[in-house]
Amino acid sequence: AACWSLAGGAGGAAALERVMGGGPLSLVLGGLGVLLLFRMVRRLRPGARVRDSVVVITGASSGLGRECARVFHAAGARLVLCGRHAGRLQETVEELNEAAGRGHTQTHPPSTVTFDLSEAGAVERAAEEILRLHGNVDVLINNAGISYRGNILETDLSVQRAVMDTNYFGPVALTQALLPSMVRRRSGHVVVISSIQGRIAIPHRSAYAASKHATQAYFDCLRAEVERYGLEVSVVSPGYIRTNLSRNALTGDGSQYGVLDRTTAMGRDPADVARAVLEAVRRRSKDVLLAGLLATVALYLRTLCPALFFKVMAMRARHLNLKHNLSEIVNK
Ligand SMILES: NC(=O)C1=CN([C@@H]2O[C@H](COP(=O)(O)OP(=O)(O)OC[C@H]3O[C@@H](n4cnc5c(N)ncnc54)[C@H](OP(=O)(O)O)[C@@H]3O)[C@@H](O)[C@H]2O)C=CC1
Ligand SMILES: CCCCCCCCCCCCCCCC(=O)OCC(=O)COP(=O)(O)O
């Protein structure tokens, strides 16, 4: 497909060069032609099969994870739902079983595995349990995560570590534990739910944005390294979603923030984001950005005019410090 696109693009560029007499414009248009053809050819590939495939979802007890469970269950996947609380996972299972009774399509009863992603030993044992359940994993959706609110000067190092353990080392450990079996089968798809904050860092989110930047980098490396075994890696980066993420966020002293932020309340419907995750699996998309207008502007600004972006972020940090009445630590 790539060769065909390249040939098409090169042909397009050559034709343009003849018409326009060469020069940078024909090169740019030729390049765009290559990109367009490449995208068209990728779209023509048949979608990956979700029905009957084994799909593991972390953080399936609430928010986006629960919505992913709904859409993948309805699509006929064999689900393994993961979370820290057996009771909450059971609620998801009961809901799915009820929906199965109402629906017309054939679905599979989901299984659950309870563990804390921030405990390395627990993750290894969970991976073994997951493999015992079905023998293999077709799709791993690393969705579980925790956010953070606070300024760096007033944040315990333990909080920085805790967020990193859940959002970065957890998914990394689970992926690495399941990867050998995927490589042996020459088949498997690893999805990770990152965030717009995996691309841009905003004030009062240091732990969270750092964990998501690390996530983006690790899974980009993984994609390149496992392509030769026929494995797929998708990084999904949404903007705000209407879930409990802000309520569950940690603050600088490790306590729970407990507030539903306006940005979260006004966020996307998690069901829409879950459908985008299903589409990413079907289309084998490598990188999915679900950014609204403001986030898109911020992303371009960060790339094309970083100095202005940093200025805007500094103004934002000052405003947040005033709003939350945070002390200037130097005056303490
Ligand atoms: N909401 C938003 O605005 C956005 C969210 N995201 C990302 O989406 C993902 C899902 O978050 P969302 O649904 O919004 O938030 P929720 O707080 O509703 O869900 C988070 C899930 O993660 C699980 N979880 C948290 N900590 C751990 C842990 N240590 N071990 C195992 N499971 C854990 C929770 O399960 P339990 O507590 O039952 O163990 C829960 O099911 C996260 O990765 C988040 O960063 C990305 C962009 C925007
Ligand atoms: C002169 C031109 C000015 C243009 C200014 C643009 C800069 C505006 C900054 C807005 C940044 C958007 C950030 C989006 C963040 C986001 O969507 O995060 C998703 C999450 O993961 C949410 O987690 P949280 O815990 O932060 O709720």
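Author: Gladly! One definition first: helices (H or I, at least four residues) and strands (E, at least two) are DSSP runs, numbered from the N terminus. Please also keep in mind that this is a predicted model.

Reader: What percentage of residues 53–244 is strand?

Author: UniProt places the feature "domain: Ketoreductase" at these residues, 53–244, in an unreviewed entry. The end C-alpha atoms of the span are 29 Å apart. Its chain is 49% helix, and the strand share is 17%.

Reader: How far apart do the C-alpha centres of domain 1 and domain 2 lie?

Author: The protein chain is divided into domain 1, residues 2–44, and domain 2, residues 54–292. Between their C-alpha centres the distance is 38 Å.

Reader: Now to ligand 2: which helix supplies the largest share of its shell?

Author: Three helices each supply at least two residues: H8 (245–248), H9 (262–265) and H11 (293–304). The largest share is five residues, and it comes from H11.

Reader: How many residues of that shell around ligand 2 are charged?

Author: There are 21 residues around ligand 2, and among those that come nearest are Ser-147, Ile-196 and Ala-298. By class, the shell holds twelve nonpolar and seven polar residues, and the number of charged ones is two.

Key:
Residues numbered from 1 in each chain as written. Chains lettered and ligands numbered in written order. Predicted model: local features only at pLDDT ≥ 70, side-chain atom pairs only at ≥ 80, totals over all residues. Near = placed C-beta within 6 Å. Nonpolar A, V, L, I, M, F, W, Y, C, P; charged D, E, K, R; others polar. Domains from an automatic or database assignment. UniProt positions renumbered as here; feature names shortened; annotations may be inferred.
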